[in-house]
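Subject: A structure to look at

Hello,

Here is the structure I promised to pass on. Have a look at it first, and then read on for what turned up.

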Amino acid sequence: MSNQNKFRAWHKIEKIMCDVDVLRKKGAFLVGVKKGEDQYSERTVAIAPDNGRFCPMEDIELIQFTGLRSSDGGCHLPVEDAYFGDIIEFYNTEGRRFVKEIKWNNDLMCIDLGELPYYFYHESGYHQPSKIQFQIIGNIYQHKKLLEL
C-alpha cells in the first residue's frame, strides 16, 4: 500500500467522476467537468481552462485513494488506482465470485470489504486487502446496481 494522498471527486450536480488537480479549503480544481466560470473568493472568475474548473466543496464529494491498485490478472488489463467507494470483483481459490465496495472501518482503522465467509477471509490468506487480486468494475456513485448482483 502507498502513503500517497490522492483524491478524485464526485460532482454532485453534474453527476460525473472527476480527477482533482488542486485541492483547497474552499473547493477543488476538477479535471473533467464542463468548462465554466470558477466560483472562488466570493467573486466569479472566468479563467477556467478547457479541461476543468474550480468547484466549491458543497458541489463535490472528495474520494480518497486507498493505496491499493487493481491487478491485471494476467489478462493485460490496465492497472487502476482503487478509491474508497469503488466496487471491486475478486474470486476465492475455489472460483467463487465476490463483488464488494471498498469502505473504511473506523473501529478497526482499516479497509473493510464487508462480510466475507470465514474460510475465505482467514484460511485463504486474504485477511489483508492488499493481498487480494481484484479488478475495479465500478463505483457506488455511477454503478450502485453492481452490488445487487
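Leaving aside its neighbours within four places in sequence, which residues is Glu89 in contact with? They are Arg97, Phe98, Gln133, Phe134, Gln135 and Ile137, where contact means heavy atoms within 4.5 Å.

Before going further, a word on the basis: this is a predicted model, in which local features need pLDDT of at least 70 and side-chain atom pairs count only at pLDDT 80 or more, while totals for chains, interfaces and linings use all residues. Residues are numbered from 1 along each chain as its sequence is written, and side-chain values use heavy atoms, with hydrogens and water left out.

Back to Glu89, which is found in strand β9 (residues 86-91). Strands are DSSP runs of E, at least two residues long, numbered from the N terminus. Glu89 counts as buried because its relative accessible area is 18%; buried means under 20%, exposed over 50%, and partly exposed in between, with a 1.4 Å probe and protein chains only. Its side chain makes polar contacts with the side chains of Tyr91, at 3.5 Å, and Arg97, at 2.5 Å. A polar contact is a pair of N or O atoms within 3.5 Å; within protein, one must be able to donate a hydrogen and the other to accept it, and residues adjacent in sequence count only if both atoms are side-chain atoms.

Now to the aromatic rings. The whole structure holds 4 aromatic pairs. Rings of Phe, Tyr and Trp (its six-membered ring) pair if their centres lie within 6.5 Å; planes under 30 degrees apart are stacked, over 60 edge-to-face, and the rest tilted.

One of the pairs is Trp10 with Tyr141: the centres are 5.4 Å apart and the planes at 25°, so this pair is stacked. It links distant parts of the chain, with Trp10 in strand β1 (residues 7-11) and Tyr141 in the segment after β13 (135-139), 131 residues apart. Trp10 is buried at 8%, whereas Tyr141 is partly exposed at 23%.

Another pair is Phe65 with Tyr83, which is tilted because the planes are at 55°, with the centres 5.7 Å apart. Phe65 lies in strand β7 and Tyr83 in strand β8 (residues 81-83). Both residues are buried, Phe65 at 5% relative accessibility and Tyr83 at 9%. Their C-alpha atoms are 4.3 Å apart.

Finally, the charged end of Lys6 sits over the ring of Phe65, 4.7 Å from its centre. That term needs NZ of Lys or CZ of Arg within 6 Å of the ring centre and within 35 degrees of the ring normal.

Enjoy exploring!

Note on methods:
Helices (H or I, at least four residues) and strands (E, at least two) are DSSP runs, numbered from the N terminus.
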